[in-house]
Amino acid sequence: MTKPLSASLISGVFLALVFHPWQLDLLVWIALIPLLWSIHISENPAKASLYGWVAGFFFFSLNVRWVYDTLTVHGHFSEYLAATILLVMIACLALFISFFSYLCAVAKNSGFSYCLILPTAWVSVEYLRTYALTGFPWDLLGYSLSQSPNLIQIVDITGVYGLSFLIVFVNSAVLEALINRSRSFSSVVIQLAVGMALISVCALYGWTKISDYSDRSRTQTSHTVGILQGGIPQGLKWSESYRSLTFSKYEELAMESVAKGAEFLIWPETSVPVVIGGENLSWMAAMEISKKVNTPMLIGAPSQTDSSGEISYFNSAFLVDGSEILSGYDKIHLVPFGEYMPLNWLFPVGPGMAAREADFSAGTVMTVMKTGNLPAFSVLICYEAIFPELSRMAINNGARFLVNITNDGWFDTTSAPHQHLFMAKFRSIENRVWLLRAANTGISGAFDPTGLLVDSIDLGESGWINIQMSAPNSVGSFYTKFGDLFAWSCIIVFSLILFRALTHQQTSEGMKYEPIRH
């Protein structure tokens, strides 16, 4: 049992190494093999489940270790409590890879090739992780290919799950080659060839899409959009004594950006450090800045509404033009423990770590905003950018580009802002739209419809960038229209495989124990 446990540990470490800060992305094509081998030799599904949990534990221990820094530095948790919370979180996330391993151990008796069983099982479990218990699709396997521009273009059909399928398929083909090398040479060659062919097809498709966009963008009208990054430290941004300096900083950045031609300005999430709609009217300083530079702006701020004496708080974005608020959006997908405390009605321990006076309430409408000649757009606040369904909703509602405002100041200089950025870029490719991103402390930037990072402001810096954003005649893609059809196809296929394995097992047991009749 020691060898498969060690092998699973190696897979967990390898999986972590393919993401930031290491980004050894070539390793991903073999990273799962030790775990898959452990599942192959497992005596029963329970042991396979343990091997998967070990792999998951070491993967998430390295991948989300930034949670500890966030809790201790900005959440003011004790080191002991922060470490406990992180370990519980890692142990729970590891259950997803444990579940994958369990399912594969059951399905391996179905008679189907690992090249079909393992990729469909992986995608099924990743899809579960995206939505179960509000979802946490952080660094799904396909995101490890973010630095391979040609390969990742296929997500406009399959979503990120198609890349995960491709990676697991190749790992499975190599596993098949290792365990069957002396028994069925021809089938091994075929499976490896299919894996290489899939990679080649994806790369060719990506090259075609990138070339096509490059040709079309030359004839499209462009708009100049300014992205502002104040670089306000998380520990200071809510200080009343620092408030005037915050507005002064954004006024300075706005004036510089507009002087260079910006026709629209984007501020980060909660860059206005006052609750809009509350008694404190200091937030109107942002309106004065818009009036002074004579330019519409998108600002991020907490807001409140009062309905029959009951106050609700929201994490919001507002489109302002001078003294007028043209439109607003309230964040739909909130961060548990950050913006609200789950089961707070049962265990009243106070609001989420990022909430102000009380837990935030969730918005219900994906607003489409419009100003001047600028194409219509929708806003994704913070980690809403890692949920593909929200971006699809925005484009299907009529948005022609996406804006992601975020406050990654919670993560300081850890790997989290980089991981967050790389995941956000996939929303631009999936829907073939521009995605403009403004972050309080970075990383701000802009992705064109092929996912190319056109320009950016580094982590921890203060500054602005002006983006020449082309206005395509049409946006959207197969993925925009049909969503996770590929993922659901994998779920259906794997369900059939699992059904075949279970019925085959019952038949075998019946034959084994059926008494001999004379």
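Patches are made of residues with over 30% relative accessible area and no salt bridge, where like charges are joined within 9 Å and nonpolar side chains (Val, Leu, Ile, Met, Phe, Trp, Tyr) within 5 Å; a salt bridge is a side-chain nitrogen of Lys or Arg within 4 Å of a carboxyl oxygen of Asp or Glu. The structure is a predicted model, in which local features need pLDDT of at least 70 and side-chain atom pairs count only at pLDDT 80 or more, while totals for chains, interfaces and linings use all residues. Residues are numbered from 1 along each chain as its sequence is written, and side-chain values use heavy atoms, with hydrogens and water left out.

In this model, Ile157, Phe478, Phe482 and Leu485 make a nonpolar surface patch of about 340 Å², an area that comes from the Shrake-Rupley method with a 1.4 Å probe, with only the protein chains shown counting as cover for residues. Leucine 485 belongs to helix α15 (residues 485-513), and its relative accessibility of 42% makes it partly exposed, a term for values between buried (under 20% relative accessible area) and exposed (over 50%), with a 1.4 Å probe and protein chains only.

The chain as a whole has 15 helices and 11 strands, which are DSSP runs numbered from the N terminus (helices are H or I with at least four residues, strands E with at least two). Of its 518 residues, 55% are buried, and its accessible surface of about 21,800 Å² belongs to carbon and sulfur atoms for 62%. The C-alpha atoms fill a box of roughly 95 × 55 × 40 Å along the principal axes.

Aromatic rings form another theme. Rings of Phe, Tyr and Trp (its six-membered ring) pair if their centres lie within 6.5 Å, and planes under 30 degrees apart count as stacked, over 60 as edge-to-face and the rest as tilted. The whole structure holds 19 aromatic pairs, and two of them are set out here.

| Pair | Centre to centre | Angle of planes | Class |
|---|---|---|---|
| Phenylalanine 59 and phenylalanine 60 | 4.7 Å | 55° | tilted |
| Phenylalanine 264 and phenylalanine 377 | 5.4 Å | 50° | tilted |

Because phenylalanine 264 lies in strand β2 (residues 264-266) and phenylalanine 377 in strand β6 (residues 377-381), their pair ties together parts that are 113 residues apart in sequence. Phenylalanine 264 is buried at a relative accessible area of 1%, and phenylalanine 377 is buried at 0%. Phenylalanine 59 is likewise buried, at 4%, as is phenylalanine 60, at 1%. Elsewhere, ring pairs link Trp66, Phe136, Trp138 and Phe411 into a cluster.
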